[in-house]
Amino acid sequence: MNNDRSINRRSFLAGAGATALGVSTLSPVSARAAASGRKVKLGIIGCGGRGVWIANLFKQHGGYEIYACSDYFQDRVDTCGDKFNIPAQRRFPKLSGYKKLLDCGVEAVAIISPPYFHPEQAALALDAGLHSYIAKPIAVDVPGCKSIAQTGKEGTRKKLCVLVDFQTRADAFYMEAIKRVHNGAIGDFAFGESTYHAGNPFAGHMKALMKDPNNPELRLRAWGLSQVLSGDIITEQNIHTLDVMSWIMQTPPLSAVGTGARKVRPVGDCYDTFSCLFQYPNNVGITFSSRQFNGHGSKPEGIRNRMFGSQGVLETE
C-alpha cells in the first residue's frame, strides 16, 4: 500500500472510539498524519437512520472524511450523500453497489447494513485491504459468525482493524466495573439477571409493510421485522445485554432454555418478546428477558445487567 492509503491499525481503532486504547497507541507516522490534518477516507455501507448517525459521529471526531456511501435504496444514498457532500460518482445504490465503494479509494468502511449482509461485506472489505467498523450483530447464523471470526483473524494477520460495534466494550465505566468484578469485588457469583426492555423501533416500517406485506423492497426497508435479515430481536438488539452477560461470566453457558412469542406485531416473522434461562458452571443461573412493545409505564426499561455475588452486586445500565 502506498503512503497515501496507509493507515495504522491502532490509530484507526483509537479514532473509532475504542477508549481502552487511548491516544498513546498512535504511531509516530500516524501522529504526523494527524498533525498534518490528513483524514481517513471512510465509506459508509448502509445509509439508513443508524448509518447516517454513525457517519455523523465519525465526522464529528474530525479524523475522517465521509468519502463514499452505498445502500440498496437510491433515496438513502442521496440523503447520506447530500448530508456529507459526497459527489455523485461516489454514491453507489443497488444491492452490489458496495463492491464499487470498496474500489473507489476508501481506506476504511463502516458496515451498517442489515446483519444478513455483514459477513460477505466484511470479508470483501478485508480482501480490498480496508479497515472495517462493523455494526452489531455480526451475523444472523452460525456460518456467518464463523465467517466474521475468520475475517477478524485475517485482519490481525494483515494488520488491519476489524472492530465490532459493541459500545459497552469500549466504555471506561463498564471496563472498570467488570475489571473489579473479575478481581473478586463481589465474591463468588450466585445468580444474575439480563434484560432489554424497550419499545418497537420498527413501528413506522410496520405500518407501511401492513399495506403491502409481500413487497420485497418494503420488506428490505423493514429488515428488523425479518428473521432472515435481522436474526430476530434476540440477535439484533438483545445481543447488547447478552454480550455484557458473556463479558461478566468469561465462559460460555453450559446450556440455555427459553421461549419467545409475537404478541403485538401483525406483520413480519420476528418475535417481540423472549424469556430464557442460561445455566453456567458452578450452578450459576442467569435469567434473561426482552420485549419490544409498550411497557405501560413499568420501570426500569433499557439495557440492564445485574450479577449477585457472595460479597456484593454488580449493576450496569
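# Salt bridges and a pocket

Student: How does Arg 306 count by relative accessibility?
Tutor: Bear in mind that we're looking at a predicted model. Arg 306 comes out at 32% relative accessibility. Buried would need under 20% and exposed over 50%, so Arg 306 counts as partly exposed.

Student: How far apart in sequence are the parts that Glu 193 and Arg 306 tie together?
Tutor: The two side chains meet in a salt bridge, 2.9 Å from N to O. Glu 193 sits in strand E7 and Arg 306 in strand E11, so the parts they tie together have a sequence separation of 113 residues.

Student: Where does Glu 301 lie, the partner of Arg 291?
Tutor: These side chains form a salt bridge at 2.6 Å, N to O. Arg 291 belongs to strand E10, and the pair spans 10 residues in sequence, so look for Glu 301 in the loop between E10 and E11.

Student: Which class gives the most residues to the lining of the largest pocket?
Tutor: This pocket has a volume of about 740 Å³, and 39 residues line it, with Trp 223 among those nearest its centre. Nine of the lining residues are charged and 13 are polar, against 17 that are nonpolar.

Student: Which helix holds Glu 236?
Tutor: Glu 236 is buried, at 11% relative accessibility. Its contacts include Trp 223 and Lys 136. Its own helix, residues 233–236, is H12.

How values were computed: Residues numbered from 1 in each chain as written. Predicted model: local features only at pLDDT ≥ 70, side-chain atom pairs only at ≥ 80, totals over all residues. Heavy atoms only, no water. 1 Å grid on protein atoms, 1.4 Å probe; cavity = no way out; pocket = protein on both sides within 12 Å on 5 of 7 lines; lining within 4 Å. Points joined across faces, edges and corners; volume = space filled by probe spheres on them. Nonpolar A, V, L, I, M, F, W, Y, C, P; charged D, E, K, R; others polar. Helix = DSSP H or I, 4+ residues; strand = E, 2+ residues; numbered from the N terminus. Buried < 20%, exposed > 50% of the residue type's maximum accessible area, 1.4 Å probe, protein only. Contact = heavy atoms within 4.5 Å. Salt bridge = Lys/Arg side-chain N within 4 Å of Asp/Glu carboxyl O. Lists of a residue's contacts leave out its neighbours within four places in sequence.
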